[in-house]
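Please consider the following protein model, moving from its overall organisation to individual side chains.

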Amino acid sequence: MTILPQGIILSEYYFYILFYNDHHEIRIYRLDRIQEYTISEKNLVKEREQDYSSRKLEDNLIRKKFHLISQGNAVTLTLECTKQSLEPLLARFPIHGKKIQLLENGHYLIKNIETYTMGAKIWLLSQGEKVKVIEPESMVRIIQDSLKKA
């Protein structure tokens with residue numbers, strides 16, 4: 001596979017490479033898991049300029065979602081959480097663009113959480129009943145399916 005590296009990020013004690021794959025998709029891979037590589041003779045920078053010009057990687061968008069490593073799909077969540085879970089949730093998910101609303105029951109509704117499905121799933125399942133996925137329905141089903149299998 002030929003990759004077009006875009007950057008390296010440190011997260012949770014590991015370095016990750018951000019890159020475009022052969023299918024023009026942005027991917028993230030942990031550097032210490034790379035077993036071998038070869039340097040291509042192609043001028044990949046020039047290829048990227050020609051072939052990927054409409055798919056520029058905006059580093060800030062990736063960094064907003066990078067708090068949880070995942071091979072899942074990008075997703076925007078709405079969550080409901082208890083007062084005790086609000087700070088851990090805000091620490092885990094970047095704050096950019098989130099809308100936080102205090103509900104009548106004393107819980108908080110947090111909208112516009114940008115993340116990736118599989119990384120979010122791992123964190124959400126660790127929170128038990130303190131955090132509830134409100135939307136999208138696809139993420140609600142992912143959590144429900146995982147709980148049924150447990």
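Of the contacts between residues at least 6 apart in sequence, 59% join residues at least 24 apart. The model in which these contacts are found is a predicted one. Its secondary structure consists of five helices and seven strands, and these elements follow one another along the sequence in the pattern β-β-β-α-α-β-α-β-β-α-β-α.

The protein has 150 residues, of which 36% are buried.

Two details may now be followed at the level of side chains. The structure holds one salt bridge, in which the side chains of Arg30 and Asp32 meet at 2.6 Å, N to O. The two partners may be compared by their accessibility. Arg30 counts as buried because its relative accessibility is 15%, under the 20% limit for that class. Asp32 has a relative accessible area of 49% and is therefore partly exposed, as this value falls between the 20% and 50% limits.

The second detail is a nonpolar patch on the surface. Tyr29, Ile34, Tyr37 and Ile39 together make this patch, which covers about 480 Å². One of its members, Ile39, is placed in the loop between β3 (26–30) and α1 (44–51). Is Ile39 buried or exposed? Its relative accessibility is 71%, so Ile39 counts as exposed, the cut-off for that class being over 50%.

Methods:
Residues numbered from 1 in each chain as written. Predicted model: local features only at pLDDT ≥ 70, side-chain atom pairs only at ≥ 80, totals over all residues. Heavy atoms only, no water. Patch = residues over 30% accessible without salt bridge, like charges linked within 9 Å, V, L, I, M, F, W, Y side chains within 5 Å. Areas by Shrake-Rupley, 256 points an atom, 1.4 Å probe, with all protein chains shown as cover. Salt bridge = Lys/Arg side-chain N within 4 Å of Asp/Glu carboxyl O. Helix = DSSP H or I, 4+ residues; strand = E, 2+ residues; numbered from the N terminus. Buried < 20%, exposed > 50% of the residue type's maximum accessible area, 1.4 Å probe, protein only. Contact = heavy atoms within 4.5 Å.
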